Amino acid sequence: MGCVSSSEASPAGGAGAPVSKDKERSYAIDKQIDDDAKKFRREVKILLLGSGESGKSTIVKQMKIIHQNGYSRDELLLFRLTIYKNVVDSAQALVLALRKFKMDPTEAVNRAYAEKILEYRLDADSLTSSSPGSGLPSSSSSFGGGLSPDIVRSIDSLWHDPIIPTVLDRSSEFYLMDSAAYFFDEVKRVGSVGYIPNEADVLHARTKTTGISETKFKSGQLNIHMFDVGGQRSERKKWIHCFEAVTSIIFCVALSEYDQVLLEETGQNRMNESLVLFESVINSRWFLRTSIILFLNKIDLFKAKLPKVPLDRYFPEYTGGADVNKGAKYILWRFTQLNRARLSIYPHLTCATDTSNIRLVFAAVKETILQNALRDSGIL
């Protein structure tokens, strides 16, 4: 007893000093491990998955708007060329569709404009444009770079031709980006001198995602790392590098794609492609402890399309008619039926271009992530 008593009572530098230092070192190591564990629980890794044009990159843009103070003027200007290309490519797709269906614009002037649109080329290097028929490039000083007044007038006039609604009713038979109508409605502003894109333009801008891009931001007590990967088939083999230690997957599905075909394979229905991809993801051995957040996206386009294009034309077993809620529930059911791994699925109806909607949805997503983190740590 005496030995124990003297050891505990001995001052620093005495016989008890090594024991005290060992305890301190052990305590420091335990504290570091505890701090690292807490930090790790606050580090959230989200993988954005989904087929091409399902809205993944738009979600990333919304995170910048909501959590990173949005886009600076210089950052907005970087989107100009993409937007110009979106406008021209979409207008040319519309003219090619007219030819495919052997239709002509109702107004004679628009037949000439259609030819002009098809010949138009955008000069990506200088943000000037040229028309092969003119023989001379348009000067950027004459219209501030980008789209010439002539092509803006041509696109705007053709867009308002009475034949266009008839063409759009057959949109499942040709490729047209979802934002085409938005940019056609805004073409005069987009083509104006000194045009600076706004955030709505940026959210509607479409460019193919290649490789993997990471976005980091802080939301409350969470440090979030969000990975956006290319949705086209050729890009999917790159996803494997992101699979380790994923906290959650946000899987994006475009509800409005039920009648559309893939950009890279025009014979394949986009919704069926999404179902195949989702099945491979949710039943993968990589995601046994991962929460799956399902964004049923483009609800606005789905609402507009469903009364015109019956869902049962593409999914004959559907019996809900033009009821938007029944249509969305049916598509959700099709996805949940593939969940053989019995993972938790958290569905949300979204409109990725609507900042207020995504702000609300992501608040719910963050709550889901926090609840799962507490459950995994044994607190819940």
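User: Is S284 buried or exposed, and where does S284 lie?

Analyst: Buried means under 20% relative accessible area, exposed over 50%, and partly exposed in between, with a 1.4 Å probe and protein chains only. S284 is buried because its relative accessible area is 14%. S284 sits in the loop between α13 and β7; helices (H or I, at least four residues) and strands (E, at least two) are DSSP runs, numbered from the N terminus. This is a predicted model, in which local features need pLDDT of at least 70, side-chain atom pairs count only at pLDDT 80 or more, and totals for chains, interfaces and linings use all residues. Residues are numbered from 1 along each chain as its sequence is written, and side-chain values use heavy atoms, with hydrogens and water left out.

User: Which backbone atom lies 3.1 Å from a polar atom of the side chain of S284?

Analyst: That atom is the backbone nitrogen of W286. A polar contact is a pair of N or O atoms within 3.5 Å; within protein, one must be able to donate a hydrogen and the other to accept it, and residues adjacent in sequence count only if both atoms are side-chain atoms.

User: How is the helix α13 to be read, and what caps its N-terminal end?

Analyst: An α-helix has 3.6 residues a turn, so residues three or four places apart point the same way. Helix α13 covers residues 270-282, and its end C-alpha atoms are 18 Å apart, which agrees with the 18 Å that its 13 residues should span. The expected span is 1.5 Å times one less than the number of residues. The cap is N269, with a side-chain oxygen 2.8 Å from the backbone nitrogen of M271. Among the buried residues of α13 are L275, L277, F278, V281 and I282. Their cover includes β1 (43-50), β6 (248-254), β7 (291-297), α15 (324-336) and β8 (345-349).

User: Which residues is T106 in contact with, leaving aside its neighbours within four places in sequence?

Analyst: Contact means heavy atoms within 4.5 Å. With those neighbours set aside, T106 touches R111, D161, P162 and I163. T106 and I163 are 57 residues apart in sequence, yet 6.0 Å apart in space, C-alpha to C-alpha. T106 belongs to the loop between α5 (80-100) and α6 (108-119), and T106 counts as partly exposed because its relative accessibility is 46%.

User: Is D169 buried or exposed?

Analyst: D169 counts as exposed because its relative accessibility is 55%. D169 is in the loop between α9 and α10. D169 and V309 lie 8.2 Å apart, C-alpha to C-alpha, although 140 residues separate them in sequence.
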